[in-house]
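Could you walk me through how to read a protein model? I am new to this and would like to take one feature at a time.

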Amino acid sequence: MISSLTAEKLACTRGDRKLFDGLSFRVSAGQALAVEGANGAGKTSLLRMLAGFLAPAAGRIVLKSAQAEIHESEERGKAIGWLGHQDGLKPQLTVREQLDFFARLHGAPAEAGVLKQVGLERQAELPCRYLSAGQRRRLALARLLASDRPVWLLDEPFAALDASGQALVAQLMARHCGHGGIIIAATHEPLGLGNESLKL
Amino acid sequence: MQFLFRYANPANFMRLSGAVLPFTAIGAALALATGLYLSFSVPPDYQQGATVKILFLHVPAATMAMGVYVAIAICSFLSLVWRHPLSDTAARAAAPLGAMFTVVGLITGALWGKPMWGTYWVWDGRLTSFLLLLFIYLGYMALWNAIEDEVRAARAAAILALVGAVNIPIIKFSVEWWNTLHQGETITTGKLASVYVAPLLTMMLGYALLFVTLWMMRIRTAILERRARNLMQGAAS
Amino acid sequence: MSPFVTLLTRDLRLAARSGGGAALALSFFALVATLVPLGVGADLKLLARVAGGILWVGAVLSALLSLDRLFQGDYEDGSLEIIALSPLALEAAALAKIAAHWLSTGLPLTLLSPLLALMFNLDPASTLTLFLSLLIGTPAVSAVGAIGASLTLSLKRGGLILPLIVLPLLAPAVIFGAGAVAQVQDGLAGGGGLGALGLLAAFSFAAVLLSPFAAAYSVRLNLDG
């Protein structure tokens with residue numbers, strides 16, 4: 001279990017442009033952090049940095065678990081559930097195959113109820129090419145649940161979803177925090193988790 | 001390494017190279033002039049006749065073609081390990097020069113081949129290796145040009161350069177193996193008579209100085225180009 | 001099923017479902033083999049003489065056809081990020097993708113080669129050598145190709161530049177592969193033919209061993225954006 005995620009004086013440059021500098025925050029188990037800011041302010045870059053895709057120009061990121069402190073980005077990646085802009089879906093695979101692939105890639109077959117939780121049980125045998133944007137997003141959420149990671153990094157989690165989809169995201173996030181998970185989400189809308197927010 | 005980096009900072013490089021450049025340029029001109037003069041004044045070879053003089057152009061070009069690749073590989077290694085932008089600029093600037101030396105090596109090789117073999121191109125082991133080297137240079141430059149994001153292009157090119165550095169000796173070995181398999185003709189210059197050593201070494205020095213001069217000029221141009229671009233971007237916003 | 005096998009089977013499934021998997025590469029291979037006699041004439045002696053080289057070059061070109069998509073599809077749709085965060089190391093993921101590419105192109109091309117060799121009037125011993133050399137050598141094509149694919153994964157038109165990068169690096173595979181056939185044809189089968197196959201095996205082994213590291217390194221650099 002991860003007890004906290006700490007960012008210390010992070011800086012990010014893209015090319016010659018400085019996106020942010022001296023950024024520090026700490027999120028503890030059961031908490032959520034909303035990252036807000038205009039387009040191009042560096043929200044996605046911050047998430048990619050936390051996930052370990054992007055090396056910080058300065059500063060460091062530390063994950064604390066009960067046993068140890070994790071500094072290595074590679075190790076950190078193993079604690080992270082990622083919901084990016086793209087859903088990672090192949091048009092040729094069915095919903096069930098796609099979910100199964102992601103789950104097995106993370107070590108275990110997907111639990112039977114996951115598709116039902118996101119409201120896709122009737123689409124299980126449908127190839128992903130026929131899914132609507134909202135349904136694709138729901139499948140990505142199912143993948144996030146199946147990967148069973150303590151730290152969720154969500155890039156615009158409400159995007160492309162209708163009202164019931166957004167309610168679903170809110171419910172899943174609340175449950176994740178309730179179970180002691182950590183959420184950091186780049187968003188334009190309030191997360192509704194009584195969370196703190198960070199303006200970039 | 002710290003010592004190296006101080007001089008590898010673009011501003012310092014501009015200063016240092018600016019001071020050195022006139023000397024290398026004059027040195028290159030002198031060495032090449034002397035080398036050419038010596039080349040024409042030595043007696044013709046008893047076997048090859050006057051054709052031997054092409055070798056004074058060919059051998060240094062072939063050496064430089066390989067040498068420049070080694071320089072690119074070293075710069076690429078520095079760039080990947082220490083993420084130093086100047087080594088990327090240096091690697092990129094060297095590539096067209098290396099390709100040029102390779103082309104010179106190929107053309108002079110072909111010109112030498114016409115009187116020796118009776119045909120411009122034979123699938124000689126060395127010529128074939130250099131033809132492949134030329135394609136490696138072309139692929140390297142194409143990769144640089146194809147990727148728009150400069151940082152990414154630099155890293156991809158650096159990886160390719162190192163993969164090539166590992167592979168080039170294998171390619172060379174395989175081509176030599178192939179050459180014996182098919183009993184092709186080989187450039188066998190034998191032992192070079194001692195009168196030819198002086199012009200050859202002088203030409204070698206001239207080529208090397210010419211490369212250093214052009215390389216520095218190209219790096220300087222790249223640095224200035226980037227500065228100009230930054231200024232224009234700054235002016236726009 | 002381990003994560004490695006999971007990725008391998010998914011890539012195989014994707015290859016089978018899009019564009020008929022190996023069918024495209026096989027057709028291309030057969031087409032090259034058909035055009036050559038049309039170009040150089042139907043002299044069976046001549047065809048037997050050039051068969052090893054032509055079929056090797058044809059196999060390499062056919063295998064390259066599908067290589068540019070090796071990482072590109074996963075990069076574009078975001079799968080690569082998820083794979084990067086999974087317990088499967090990127091090096092292992094690259095190896096899984098190389099294996100999948102070989103199983104879906106290199107191996108079928110190898111299996112087709114005896115039929116094409118027959119059309120080129122290649123004798124049985126040489127045909128067997130050609131088959132073995134392709135079996136040993138085509139993994140190197142997938143492996144070295146994977147490096148090229150990882151370097152060009154962010155390019156819209158990576159398919160154009162990939163061959164330029166990869167083909168010179170594959171010269172040793174063509175030389176040793178076609179060389180093995182030539183040695184058998186020249187009656188050097190005893191030590192010589194085996195020698196070429198041995199060199200080819202060494203090249204192939206080194207390529208499969210090292211290229212996952214280069215490809216993974218390059219993929220990591222590309223995620224950095």
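The dialogue below takes up a few features in turn.

Q: What should I know before starting?
A: This is a predicted model, where local features need pLDDT of at least 70, side-chain atom pairs count only at pLDDT 80 or more, and totals for chains, interfaces and linings use all residues. Residues are numbered from 1 along each chain as its sequence is written, chains are lettered from A and ligands numbered from 1 in the order in which they are written, and side-chain values use heavy atoms, with hydrogens and water left out.

Q: How many helices and strands are there in chain C?
A: Helices (H or I, at least four residues) and strands (E, at least two) are DSSP runs, numbered from the N terminus. Chain C has ten helices and zero strands.

Q: What percentage of the residues in chain C is buried?
A: Buried means under 20% relative accessible area (1.4 Å probe, protein chains only). In chain C, 55% of the 225 residues are buried.

Q: Which residues touch the most other members of the largest nonpolar core?
A: A nonpolar core is a set of buried Ala, Val, Leu, Ile, Met, Phe, Trp, Tyr and Cys residues joined through side-chain atoms within 4.5 Å. The largest one here has 201 residues, and those touching the most other members include Ile184(A), Trp215(B) and Phe71(C). Helix H6 (residues 150-181) of chain B gives the most to this core, with 14 residues.

Key:
Buried < 20%, exposed > 50% of the residue type's maximum accessible area, 1.4 Å probe, protein only.
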